[in-house]
Every structure is written in structure tokens, then in C-alpha cells.
Amino acid sequence: MTSRGAARAWSRPDSAAMCGLCGALGGPAHWTEGAGRLDATQTRRAERQHQVRVCNALLHTQRLRLDDWHGTALVLSSATGKREVLGSLPEVWARAQAISGAAIDPLEPALWVQLAAREGTA
């Protein structure tokens, strides 16, 4: 292929490729990452750490754990060692349900009551 043909091949969107690492390093922010708001009181990193702590409190009931991966991805781990790299909070709940086999609704009031009782703040 000539250099002119190679340039045309790279300019077509259907031939674009990206390595997995580059894909993990960037991408559009999800609306749940609210530190970009003008009224945000925490840094993006601090807010993400808070989200992970809250998620872990809820995921604990299914023996799952969530970790932040350098602020670019979330890693969901099971008690058996299975791990999945995820990009946003909605993916966490869908994959947690698939891994555990149980419905996990982070908006379920009974789950929050159970969490508050366990922490002694009910």
C-alpha cells in the first residue's frame, strides 16, 4: 500500500483502532461523576472515593467489593476472585446483579434501612 493509501485507510472511521489501555484512560464522563459541576464541593477523586465507599456498603450484602482504578475505571470483585473492569456506576449495579445472581437496587429503601441499622445510625 502506498503512503497515500495508508493515509486514506486511517482516515476512515470504520478502520480506527484503539488499544485497551488507551480506552481506559479516557472517554466521556458519566453524569454520576458530578465533580465537574460548578457547585461541586469535592475534588473528582474525593467524590469518587466517597461513591466507592457507599457502593461497598451496599455491595457488602452480596459479598462483592468495588475499587477505584486510578480514577479512570471501577473494578468489581467477587468473593471467589472474579474481577470485572467497569466504566461507570450504572455498570456496577448491572454486573453486580449478574455476578451475584440477586437483584441489587441501590435505590431500594429497605437496603438503606438495613445499612443504617448495621452501622448503628438508624
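This is a predicted model: local features need pLDDT of at least 70, side-chain atom pairs count only at pLDDT 80 or more; totals for chains, interfaces and linings use all residues.
Residues are numbered from 1 along each chain as its sequence is written, and side-chain values use heavy atoms, with hydrogens and water left out.

**Helix α3**
- Helices (H or I, at least four residues) and strands (E, at least two) are DSSP runs, numbered from the N terminus.
- With 16 residues, α3 reaches 22 Å from its first C-alpha to its last, close to the 22 Å expected at 1.5 Å a residue (the expected span is 1.5 Å times one less than the number of residues).

**The largest nonpolar core**
- A nonpolar core is a set of buried Ala, Val, Leu, Ile, Met, Phe, Trp, Tyr and Cys residues joined through side-chain atoms within 4.5 Å.
- The largest one has 17 residues, of which Leu59, Leu66, Leu76, Val92 and Trp93 touch the most other members.
- At least two residues of this core come from each of α3, β1 (64-69), β2, α4 (89-100) and α5.
- The element that gives the most to this core is α3, with five residues.
- Leucine 59 is in contact with Leu64, Leu66, Leu76, Val92, Trp93, Ala96 and Ile104, leaving aside its neighbours within four places in sequence.

**Helix α5**
- In α5 (residues 109-119), the buried residues are Leu111, Leu115 and Ala116.
- These residues lie on the same side of α5 because they cover an arc of only 135 degrees around the axis, judged by the directions from the helix axis to the C-beta atoms.
- An α-helix has 3.6 residues a turn, so residues three or four places apart point the same way.
- Pro109 and Val113, on the other side of α5, are exposed.
- Helix α3 (44-59) is part of what covers the buried residues of α5.

**Salt bridges**
- There are five salt bridges in the structure, each a side-chain nitrogen of Lys or Arg within 4 Å of a carboxyl oxygen of Asp or Glu.
- One of them joins aspartate 68 to arginine 45, with the closest N and O atoms 3.7 Å apart.
- This pair links distant parts of the chain, 23 residues apart: aspartate 68 is in strand β1 and arginine 45 in helix α3.
- Aspartate 68 also meets arginine 48 in a salt bridge (2.8 Å, N to O).
- Arginine 48 is buried, at 7% relative accessibility, whereas aspartate 68 is partly exposed at 22%.
- Another salt bridge is formed by the side chains of arginine 65 and aspartate 67 (3.1 Å, N to O).
- Shared partners join Arg45, Arg48 and Asp68 into one network of salt bridges.

**Serine 78**
- Serine 78 is found in strand β2 (residues 73-78) and is buried, with a relative accessible area of 14%.
- Not counting residues up to four places away in sequence, serine 78 touches Arg63, Leu64 and Ile99.

Technical notes:
Buried means under 20% relative accessible area, exposed over 50%, partly exposed in between (1.4 Å probe, protein chains only). Contact means heavy atoms within 4.5 Å.
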